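Dear colleague,

I am passing on to you the structure shown below, together with its sequence. My summary of the findings follows it.

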Amino acid sequence: MAFELPELPYARNALAPHISERTLDFHYGKHHAAYVTNLNGLVASTDNAEASLDQIIATAGPGGLFNNAAQVWNHSFYWKCMTPSGGGDPTGDLATAIEAGFGSIDSFKEQFKAAAVGNFGSGWTWLVRDGADLAITKTDDADLPLTHGQTPLLTIDVWEHAYYLDYQNARPAYVDTFIEKLLNWEFVAQNWLV
Ligand code: MN3
């Protein structure tokens, strides 16, 4: 059963001007699509041909199979972390948990931004549930919280292909915009309740 590129949860121009249609044409239409194509090529006619994405991520060692499977997972999750009228603050029990974990909502945003800006090279910055605690973590390349026994709640892609067409080298501006204009707190709350 071949893996398929999931539908974007919004139109390709829906995040503009914060993230342009051109960025989504490349990031979703080329990069994410290529990870799906590569993954299908790697699993075809192997023991993993019928495996789920989560099974492949859990069992593949370091290398191309893991990288492509994890990047399919990461991007499918990342798109849902954004919404055209996003930003603002979390509410309810999630807000209480973030305040308890990070001091305040604003403090969480500052710490998340600092982690994303400081994530050297290509990778991902996450809000995760780690046991009973919330934590901000960083992963390199395709790595993801699932391999560290953590539950992902939120991620931002800090590979340059996520922002270079719109922000060039100004990763801090991309991270600010993600937090203030795009962040889908409803999706974070859904993940937190699972
Ligand atoms: Mn990417």
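The model is a predicted one. To begin with chain-level contacts: among those in the protein chain with a separation of 6 or more, 66% are made by residues 24 or more positions apart.

As regards secondary structure, the protein chain holds 8 helices and 3 strands. Their order along the sequence is α-α-α-α-α-β-β-β-α-α-α.

The overall dimensions may be of use to you. The C-alpha trace of the protein chain extends over about 50 × 40 × 30 Å along its principal axes.

On charge, the protein chain carries 23 negative and 10 positive side chains. The centres of these two sets are 6 Å apart.

Finally, the domain organisation. The protein chain is divided into two parts, with domain 1 covering 21-80 and domain 2 covering 92-193. A distance of 21 Å separates the C-alpha centres of domain 1 and domain 2. How many residues of each domain are in contact with the other? In domain 1 there are 17 such residues, and they meet 24 residues of domain 2.

With kind regards

Key. Residues numbered from 1 in each chain as written. Predicted model: local features only at pLDDT ≥ 70, side-chain atom pairs only at ≥ 80, totals over all residues. Heavy atoms only, no water. Helix = DSSP H or I, 4+ residues; strand = E, 2+ residues; numbered from the N terminus. Contact = heavy atoms within 4.5 Å. Lys, Arg positive; Asp, Glu negative; His and termini not counted. Charge placed at Lys NZ, Arg CZ, Asp CG, Glu CD. Domains from an automatic or database assignment.
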